[in-house]
Amino acid sequence: GALPPLGAAGERSFYEAAHPLRHAALLCVRAQARRQRGARASGGDPGEAYLCTGLDIVLSDEPCVMCAMALVHGRIRRVLYRRRDARAGGLGSVEKVHALESTNHRFRVWRVAEDGD
């Protein structure tokens, strides 16, 4: 499975909202939390105990350290991203949050490169 797309969550992008916590990865985790809360409220099965267990996320940009840690806490399964973030990247450019030995969850990460990268 994959996290809900932002358009399905009805969220504006980080750039439109001009809010420091409106990063794409956080918005996807928030949308998943709403989906699970809705399932629970309607008497359905909300799924796993952690928000993102068994789910993948595909992003255009490498998540920052804050977002990478949110994905650790949410128990994401895999992350795929396109562009590195040399200033704040949390999945290899600056830090490798997904592989920290001090955390109790790790996930796999792929950077999707195009010809010439």
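Reader: Which residues are linked in a network of salt bridges?

Author: A salt bridge here is a side-chain nitrogen of Lys or Arg within 4 Å of a carboxyl oxygen of Asp or Glu. In this predicted model, Asp 56, Arg 77 and Arg 78 are linked in such a network. The model being predicted, local features need pLDDT of at least 70 and side-chain atom pairs count only at pLDDT 80 or more, while totals for chains, interfaces and linings use all residues. Residues are numbered from 1 along each chain as its sequence is written, and side-chain values use heavy atoms, with hydrogens and water left out.

Reader: How many salt bridges does the rule give?

Author: The count comes to three. One of them joins the side chains of Asp 56 and Arg 77, at 2.9 Å from N to O. Asp 56 lies in strand β1 (residues 56-61) and Arg 77 in the loop between α4 (65-74) and β2 (78-83), so this pair ties together parts that are 21 residues apart in sequence. Helices (H or I, at least four residues) and strands (E, at least two) are DSSP runs, numbered from the N terminus.

Reader: What is the partner of Arg 78?

Author: Arg 78 forms a salt bridge with Asp 56, with the closest N and O atoms 2.8 Å apart. This pair links distant parts of the chain, Arg 78 being in strand β2 and Asp 56 in strand β1, 22 residues apart.

Reader: Is Asp 56 buried or exposed?

Author: Buried means under 20% relative accessible area, exposed over 50%, and partly exposed in between (1.4 Å probe, protein chains only). Asp 56 has 12% relative accessibility and so counts as buried. Arg 77, at 36%, counts as partly exposed, and Arg 78 is also partly exposed, at 30%.

Reader: Where do Asp 61 and Arg 83 lie?

Author: Asp 61 forms a salt bridge with Arg 83, the closest N and O atoms being 2.7 Å apart. Asp 61 is in strand β1 and Arg 83 in strand β2, so the pair ties together parts 22 residues apart in sequence. Asp 61 is partly exposed at 31% relative accessibility, and Arg 83 is partly exposed at 43%.

Reader: Now the histidine. What is His 98 in contact with?

Author: Contact means heavy atoms within 4.5 Å. Leaving aside neighbours within four places in sequence, His 98 is in contact with Gly 90, Leu 91, Arg 106, Phe 107 and Val 109. His 98 is found in the loop between β2 and β3 (108-111). With a relative accessible area of 13%, His 98 is buried.
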